[in-house]
Amino acid sequence: MASVVPNINLLQKTKRIFDKHARKRKRITSVSTIALVIYLAILLPIVGYRIFLSTTLNSIRRDIDQKTQGIQQQQAKEQRQILLSNKLTNISEALDNRILFHELLIEMFELFPENASLQSVDLNKADNKITVSGIVSSVFTMSELFQSFTQSLESNLYAQITITSLTKSSEGEYSVSAEITSNSN
Amino acid sequence: MKFIESRLRNWLVPIIVGVVILISIFIIGLPTIRQTSQLRNDVTQERERLALLTTKLSQLTALDESLLQSQLFEAEIALPSRKPVFETLSSLSLQASESGVLLGSFNFSPGEVATQSSQASPDTSASEKIDPGVLSRMPLSVSLTGSNDVIIRFLEILSQSAPLIEPIQVNLATGTTSQEFIEQEQELIDPGASATLTFDVLYSLPPENIGKLSDPLPVINPQQTATLQLIQSLNKYSQDFTFSNTNTGKTNPFTF
């Protein structure tokens, strides 16, 4: 006949308190460990990334040094290129602002009809003005000259033409002076 | 007492962990984050610099030295790096004989003559100081005689010649007087004309420096290529040009 031994614990309350404390300690330790692990999990990649960046930076700087040396070896070429570019820019600027006076002179001669003669031309770039004076043999030629002026204005060759003087000599010749404002620029 | 000891033992680990984390944050964490951020900026900047240098080096390597030299030679003839006093005078007389015009008097004010090409006199006035790399002008006035046609031809030759000049003013007296006008009408003769021509002889001192190493290399753009082709087609009346390797601009460009 089997004997039944009852499970008797005389310190049951103390054991429960003990267990509760042990569990609490374990939980606190676990939480601390997890906090430490989380902290390290954040810190270590940052440190690793910093090391990676530092290595990368050193590598880039080595490349920069190499390229710098390469450029310094070709400094004479660079200097020539800069000088060429600067000169070409200045030449472009000069050519863009240049007025071809020989073309203007030809235009002035062409402005005067057959029986009229150009006596003097003053071309001045600064005030953009051309002053002309000429001799005309008759009133008919004068009319042709004025027509020529009008046509050049209509075709927008010049901005403005002002007749500054018109005289008739005792020989019967007409002298005419005009100020022409150029359309250019 | 025992209870307090037991409680302290319970909190010992978290307290140690907390203290370690706190100290580590200030000693390792925050400086590492700061350094990492700084390093990231540095890496970005250095990468950009490296890209610029790589591009510049490849551009420099691709440049044809002899072609560059010949292009610079052409540009230097068209726009000299020093006041082209003798070049202008010799080219003017050659252009005059080519066009058939008779050169009369001329008025040239080239400015101060320096004993050393690289140093300007301290007495040089502000107006005479020339900026390196900038288009500079030297005024010259010439009187001419010849027929109207040859004077026009002379101006045309002048506009197609190097060193470059820029006409400022032309006063042309065609030589036609009232009496001659009547004769001209009858005989169709070209009366003798005279002209006074004022122009600027152009030059530019070399740029003072070539800039920073990481500055991009200037690329010759299409407009500059067109300019280059144009100056190659100019008539050259003087070619005694030697390229100086100095990268310092001269404040007073005379070398004679």
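**Where the chains meet**

Mentor: In this predicted model, helix α2 (residues 75-97) of chain A and helix α6 (residues 222-232) of chain B have axes that come within 9 Å and cross at roughly 80 degrees. Axes are lines fitted to C-alpha atoms, for helices over the stretch in contact, with angles from 0 to 180 degrees between N-to-C directions; helices (H or I, at least four residues) and strands (E, at least two) are DSSP runs numbered from the N terminus.
Trainee: So what does that make α2(A) relative to α6(B)?
Mentor: Roughly perpendicular, the label for 65 to 115 degrees.
Trainee: Which residues make the contact?
Mentor: Among them are A:Leu88 and A:Ile91 of α2(A), and B:Thr227 and B:Leu228 of α6(B). Contact needs C-beta atoms, placed from the backbone, within 7 Å.
Trainee: New topic: how do β1(A) and β4 of chain B run?
Mentor: Antiparallel, joined by five bridges; pairing takes at least two DSSP bridges.
Trainee: How do I read the numbering and the confidence limits?
Mentor: Residues count from 1 along each chain as its sequence is written, and chains are lettered from A and ligands numbered from 1 in the order written. Local features need pLDDT of at least 70 and side-chain atom pairs count only at pLDDT 80 or more, while totals for chains, interfaces and linings use all residues.

Key: Parallel < 35°, antiparallel > 145°, perpendicular 65-115°, else oblique. Contact = placed C-beta atoms within 7 Å.
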